[in-house]
Amino acid sequence: MSQAELHPSIVALISLASGIAAKHPAMGLCQLERLRSQGIPENQIQTAIEIARHIRDEAAEKLDAAFDEKAAGVSVPVEAKDGEVCCTPTASGQACC
């Protein structure tokens, strides 16, 4: 493996998390099985799933809020407002950024 290549388990975690966050119809099931077959601990897999779902849900909430503001005729800035954090922790306290 060259220095620039990621370990297959990292690639599978990234793929699983991005698929969940993007609401991909395959739901990351292939990556889930790959991670389990590689011996990745279940708690690490569940942490990746929790973070991905949190990011997905947070994005949906922000999009809904932006839509509601636009629909009400309120200007919505694209960038984060001063003092606003880029994301919030998951329900179990996992950092997502």
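This is a predicted model: local features need pLDDT of at least 70, side-chain atom pairs count only at pLDDT 80 or more; totals for chains, interfaces and linings use all residues.
Axes here are lines fitted to C-alpha atoms, for helices over the stretch in contact, and the angle between two of them is taken between N-to-C directions on a scale from 0 to 180 degrees. Two packed helices are described by the angle between their axes and the distance between the axes. For helix 1 (residues 8-21) and helix 2 (residues 29-37), the axes come within 9 Å and cross at roughly 150 degrees. Since angles over 145 degrees count as roughly antiparallel, helix 1 and helix 2 are therefore roughly antiparallel to each other. The crossing of helix 1 past helix 2 is left-handed.

The residues that bring these two helices together can be picked out on the structure above. Helix 1 contributes Ser9, Ala12, Leu13, Ser15 and Leu16 to the contact, while helix 2 contributes Gln31, Arg34 and Leu35. Sorted by class, this contact comprises 4 nonpolar, 3 polar and 1 charged residues.

Attention then turns to the charged side chains. Arg36 pairs with Glu33 in a salt bridge whose closest N and O atoms are 3.7 Å apart. Both partners belong to helix 2, where Arg36 and Glu33 are separated by 3 residues, about one turn of the helix. Arg36 also forms a salt bridge with Glu42, and there the closest N and O atoms are 2.9 Å apart.

Arg36 has 37% relative accessibility and so counts as partly exposed. Glu33, at a relative accessible area of 48%, is partly exposed, and Glu42 is likewise partly exposed, with 36% relative accessibility.

A further salt bridge is found between the side chains of Arg56 and Asp57, with an N to O distance of 3.0 Å. For Arg56 the relative accessible area is 23%, so this residue is partly exposed. Asp57 has a relative accessible area of 35% and is therefore partly exposed.

Conventions
Residues are numbered from 1 along each chain as its sequence is written. Side-chain values use heavy atoms; hydrogens and water are left out. Helices (H or I, at least four residues) and strands (E, at least two) are DSSP runs, numbered from the N terminus. Angles under 35 degrees count as roughly parallel, over 145 as roughly antiparallel, 65 to 115 as roughly perpendicular and the rest as oblique. A crossing is left-handed if the near helix is turned anticlockwise from the far one by less than a right angle, and right-handed if clockwise. Contact means heavy atoms within 4.5 Å. Ala, Val, Leu, Ile, Met, Phe, Trp, Tyr, Cys and Pro count as nonpolar, Asp, Glu, Lys and Arg as charged, and the others, Gly among them, as polar. A salt bridge is a side-chain nitrogen of Lys or Arg within 4 Å of a carboxyl oxygen of Asp or Glu. Buried means under 20% relative accessible area, exposed over 50%, partly exposed in between (1.4 Å probe, protein chains only).
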